[in-house]
Amino acid sequence: MRMNVRLPRALTEDLVIRELDDETLVYDKERDEAHCLNQTAALVWELCDGKTTAAQAARCLASKLGTPVDTDIVWLAVKKLKSFHLVESNGNVPSVSRRNLVLKYAPLALALPVIMSIGAPTRAGGVVSCGQPCNGQTTCPLGCICDFSNQVCVPNNF
């Protein structure tokens, strides 16, 4: 049953996304949070289109990671993505225990989804808030740089 359930849609509004070699950095402008998704979590997030089933996602992950992946890993990633507001919150995500998966997949632990997150400093913390529009001719506040693709100032350390 959990295999044929469709994944939720990924949220991308008000996010600045940077894809690196084996991870994806996501800055949530609305919540002032930065997230680092490992390759597994990033791949699942890409597959969250509201159409792809957990079984299809597991096959795609197995192909891209070169290791067996089952739907429990997919649902664990979706659960993590949901907790960081990176996928739609409607619908239920099947319950998956990370601890059980670690024990089950100990030799393949690199396939487990990991998301590290930090809250970005706020103006009250003495840092100027980014987020204003920019286009290359305007100057971003100190500590911010222009993300030309989204035409918005983002933290320089991102």
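The legends below describe close-up views of a predicted model.

Local features are given only where pLDDT is at least 70 and side-chain atom pairs only at pLDDT 80 or more, while totals for chains, interfaces and linings use all residues. Residues are numbered from 1 along each chain as its sequence is written, and side-chain values use heavy atoms, with hydrogens and water left out.

**Figure 1. Overall arrangement of the protein.** The protein contains four helices and six strands, where helices (H or I, at least four residues) and strands (E, at least two) are DSSP runs numbered from the N terminus. From the N terminus on, the order of these elements is β-β-β-α-α-α-α-β-β-β. Of the 158 residues, 40% are buried; buried means under 20% relative accessible area, exposed over 50%, and partly exposed in between, with a 1.4 Å probe and protein chains only. Contact means heavy atoms within 4.5 Å. Among contacts between residues at least 6 apart in sequence, 54% join residues at least 24 apart.

Figure 2. A disulfide is a covalent bond between the sulfur atoms of two cysteines. Here it is assigned to a pair of cysteine sulfur atoms within 2.5 Å, and the count by this rule is one. The sulfur atoms of C134 and C146 are 2.0 Å apart, and the link is right-handed, with 90° about the S-S bond. This pair links distant parts of the chain, twelve residues apart: C134 lies in the loop between β4 (115–119) and β5 (144–147), and C146 lies in strand β5. Both C134 and C146 are buried.

**Figure 3. Two further cysteines, C36 and C48.** C36 counts as buried because its relative accessibility is 13%. C48 is also buried, with a relative accessible area of 5%.

**Figure 4. The surroundings of T53.** T53 is located in the loop between α1 (39–47) and α2 (54–65). With a relative accessible area of 14%, T53 is buried. Beyond its neighbours within four places in sequence, T53 is in contact with M3, N4, V5, R6 and L7.

**Figure 5. The second largest pocket.** On a 1 Å grid over the protein atoms alone, a pocket is an open set of points where a 1.4 Å probe fits, with protein on both sides within 12 Å along at least five of seven lines; lining residues have an atom within 4 Å of a point. The volume of the second largest pocket is about 180 Å³, taken as the space filled by probe spheres set on the points. Among its lining residues are L11, D14, R31, K82 and H85. The lining comprises three nonpolar, three polar and six charged residues; Asp, Glu, Lys and Arg count as charged, Ala, Val, Leu, Ile, Met, Phe, Trp, Tyr, Cys and Pro as nonpolar, and the others, Gly among them, as polar.
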